[in-house]
Amino acid sequence: MAKSILAFNRTLTPEETRARRRSLVRLGLAWLAMMQVMMFALPGYLRRDSYGHDNLEVLDWAITLMNWISLVMTIPVILYAAWPVWKGTLKAIRTLHVTMDVPVSISMIAAFVPSVYATISGHGEVYFDSVTMFVAFLLTARFFEERARMSVDNARFAREMDALRTPLMARADKVAMWFIVVQLAIAGLVALYWWMVEPVFAIPVMVSLLVMSCPCALALAAPSSLAATNSTLAACPELNPEQSRALFAKTRRITSQNLYGSLVFHLITTPLAAVGLVTPWLAALAMFVSSVAVAANAWRLYRIPATRPSRSAPAMAG
Amino acid sequence: MEILYLLLPVSLLFVLMIAAVLWWAVFSGQYDDPEQSGHAILDDDDTPGQENDSRRD
């Protein structure tokens with residue numbers, strides 16, 4: 001019955017309502033700050049060394065102001081909107097069980113701390129737009145995943161969804177963890193190399209590698225396809241076992257495509273960033289494009305299956 | 001270009017205001033059920049000649 005993408009087909013408990021309101025505010029604030037910070041980042045992207053001396057002086061003055069105001073707007077995103085990520089990271093450290101939150105917080109720190117330093121010292125690139133964009137996209141994916149999970153009240157599917165979710169999320173976490181470890185090692189080694197050869201390039205190259213190492217697409221891979229599957233289940237609760245099996249098999253397939261597709265994408269772009277061909281803003285754009293591609297691929301699952309008997313399920317279900 | 005000293009704080013103020021309004025709107029429950037308002041007009045029982053509508057004199 002529920003048609004709105006934000007609607008539920010059951011009444012939420014007061015506890016769930018409060019949790020949902022909090023994540024909605026976090027999401028809205030992250031998007032609001034992201035759009036503002038992207039706007040303030042524009043002068044930085046327009047700057048060219050070939051401009052006349054007078055023009056550069058005015059532009060640099062404006063960029064410094066914009067950096068400070070971006071910093072002011074990024075702090076609430078980091079501290080408030082991304083709070084669930086920090087909480088997850090603390091829990092992961094306490095229980096020694098690595099989750100997706102750990103690489104996400106490493107990436108946030110890696111892009112935020114050099115930006116704060118660049119703002120205070122007055123030279124160097126800032127990546128506030130990348131940080132806020134990253135948080136906003138991540139929270140969007142999580143919000144829809146949470147919403148979709150809450151709206152399924154059919155006990156049969158809830159159990160099956162749990163059985164589907166746990167191994168997929170575990171695999172995504174593992175892939176992302178290895179990915180971030182390898183990326184951090186590459187970023188460190190490449191920065192060291194540039195430091196010895198041409199110190200001017202060391203920081204920009206390292207930051208592009210770190211921005212690209214934001215496992216944004218990887219973080220979206222499993223939740224987005226699970227959310228699409230959940231929405232399909234919520235939209236047509238009368239699926240027969242065969243149809244739901246086919247849907248689950250397709251979910252696993254699309255999650256794998258997302259996971260390994262974004263991995264291959266990073267494998268292709270990392271060498272380009274290492275030799276200095278990918279500037280940090282291009283890295284942020286690449287991160288955005290890969291995330292959108294992952295989300296679009298996942299939403300192929302959100303189709304209402306035909307009511308007629310479906311063709312036999314592919315034999316991919318484990 | 002000194003106008004930026006005025007414009008940037010003004011834009012920050014606007015963002016704060018939007019954030020505050022968003023905060024109020026979400027926590028006053030306006031986004032709890034986006035379907036409800038759309039359905040309300042359909043669920044309303046407006047059959048004539050019945051005393052189910054107390055607001056009508």
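Helix 1 of chain B, residues 4–27, has 24 residues and spans 34 Å from its first C-alpha to its last, close to the 34 Å expected at 1.5 Å a residue (the expected span being 1.5 Å times one less than the number of residues). Helices (H or I, at least four residues) and strands (E, at least two) are DSSP runs, numbered from the N terminus. The model is predicted: local features need pLDDT of at least 70 and side-chain atom pairs count only at pLDDT 80 or more, while totals for chains, interfaces and linings use all residues. Residues are numbered from 1 along each chain as its sequence is written, and chains are lettered from A and ligands numbered from 1 in the order in which they are written.

One residue of the 24 in helix 1 of chain B is buried, so this helix lies largely in the open. A residue is buried if 20 or more other C-beta atoms lie within 10 Å of its own, exposed if 12 or fewer, and partly exposed in between, with C-beta atoms placed from the backbone. Gly29(B), with a positive phi near 90°, follows helix 1 of chain B. Chain B has two helices and zero strands, and 2% of its 57 residues count as buried.

Chain A comprises ten helices and zero strands. Of its 318 residues, 44% are buried. Among contacts in chain A with a separation of 6 or more, 82% link residues 24 or more positions apart; two residues are in contact if their C-beta atoms, placed from the backbone, lie within 7 Å.

Within chain A, the axes of helix 1 (14–46) and helix 2 (53–81) come within 9 Å and cross at roughly 165°. Helix 1 of chain A is therefore roughly antiparallel to helix 2 of chain A. Axes are lines fitted to C-alpha atoms, for helices over the stretch in contact, and angles run from 0 to 180 degrees between N-to-C directions; those under 35 degrees count as roughly parallel, over 145 as roughly antiparallel, 65 to 115 as roughly perpendicular and the rest as oblique. The crossing is left-handed (near helix turned anticlockwise from the far one by less than a right angle; right-handed if clockwise). Residues of this contact include Ala33(A), Val37(A) and Phe40(A) from helix 1 of chain A and Ile63(A), Met66(A) and Ser70(A) from helix 2 of chain A. By class, the contact has 17 nonpolar, four polar and one charged residues (Ala, Val, Leu, Ile, Met, Phe, Trp, Tyr, Cys and Pro are nonpolar, Asp, Glu, Lys and Arg charged, and the others, Gly among them, polar).

The axes of helix 2 and helix 4 (residues 101–121) of chain A come within 10 Å and cross at roughly 150°, which makes this pair roughly antiparallel. Their crossing is left-handed. Trp68(A) and Leu71(A) are among the residues of helix 2 of chain A in this contact, and Phe112(A) and Val116(A) among those of helix 4 of chain A.

Between the chains, the contact takes 18 residues from chain A and 16 from chain B. Helix 1 of chain A gives the most to its chain's side, with eight residues. Helix 2 of chain A and helix 1 of chain B have axes that come within 11 Å and cross at roughly 15°, and are therefore roughly parallel. This crossing is right-handed. Ala62(A), Leu65(A), Ile69(A), Val72(A) and Met73(A) meet Leu4(B), Leu8(B), Leu12(B) and Val15(B).
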